[in-house]
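Hello,

Here is the structure I promised to send over.

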Amino acid sequence: MNLIQTPFGFASTAAEVAAGIDLTGRRAVVTGASSGLGVETARALAATGAEVTLAVRDTAAGERAAKDITATTGGTALHVAPLDLTDPGSVAAFTASWDGPLHVLVNNAGVMACPEQYSPQGWEWQFATNHLGHFALTTGLHAALAADGAARIVVVSSTGHQTSPVVFDDVNFAFRPYDPWLAYGQSKTANVLFAVEATRRWAADGITANALMPGAIYTNLQRHTGGRGSGRVPPELIKTAEQGAATSVLLATSPLLEGIGGRYFVDCNETGIVDRRSGTLHGVARYALDPDGAKRLWTLSETLLAAAY
């Protein structure tokens, strides 16, 4: 299988990736779009003419972001909708209120390396936010995505997935000592596995899903780490938010990705499989692309969510 390569790279911005793309009449949802990578992803999609819904916890912040996007792009087809990924009721309300087809879903929102915390259902907070909430959102929007016939799902993962596979027998750290980075890594592996299984399961609907590492960017995601992530990334590898959103926008818009799914991208290009931690921001762990693991995760996610409703 040849790796997908594009004309873009580390320094490319979301606007550069989206230049010349016309998504007039297309509808997109971006989670966590009130700041950071989310707002820049939404901005680039709005600039293509797409109708963009900012799905956010803080709707006041979302409204401010929407006004800023309108001012910078001239796009007026912007909407703000409440969405709390850790609340199954909030996710259900969002999906129930959606009407008509959906062409692009960008699962961007997330938390990183947060202190030990659990949802009311007993789910570890990072697994609940980064994976289960987006799983419920995406499966709840399946009919809308299928209505398009060529919808794309973009899943923001991380090189952090290399720190842990999904530990199926203990996803909620009931037996293991809690480690915020292992929990983050597990949730980011789950993101990639979800893209693999969604592409396989929904192939007949023309739906594709790809995962990505946006790069090292200083955003609100680092609020639990002193604002500097792991602190191990060299300064020359730090991206701006506009650069960090580029790979998401590429997967959402590029003709080069038509019909392509179940892949993992870094710096706007597909990256290779690794069997050891790469020591760089590139590489996808073999376990994150394992089709059997992807099927198992899907079943587990359905079981956990069924108990929540």
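Below is what turned up in the search for cavities and pockets.

This is a predicted model, in which local features need pLDDT of at least 70 and side-chain atom pairs count only at pLDDT 80 or more, while totals for chains, interfaces and linings use all residues. Residues are numbered from 1 along each chain as its sequence is written, and side-chain values use heavy atoms, with hydrogens and water left out.

On a 1 Å grid over the protein atoms alone, a cavity is a set of points where a 1.4 Å probe fits but cannot get out; a pocket is an open set with protein on both sides within 12 Å along at least five of seven lines, and lining residues have an atom within 4 Å of a point. Volumes are the space filled by probe spheres set on the points, which are joined across faces, edges and corners.

The structure has two cavities of 30 Å³ or more. The largest has a volume of about 60 Å³, and among its lining residues are Asn107, His131, His134, Phe135 and Phe194. Helix H5 (125-140) gives the largest share of that lining, four residues.

The second largest cavity holds about 40 Å³. Its lining includes Leu85, Asp87, Trp123 and Tyr309, and H5 again provides the largest share, four residues.

The second largest pocket has a volume of about 260 Å³. It is lined by 18 residues, of which Arg26, Ala150, Arg152, Thr253 and Glu258 are the closest to its centre.

Best wishes

Key:
Helix = DSSP H or I, 4+ residues; strand = E, 2+ residues; numbered from the N terminus.
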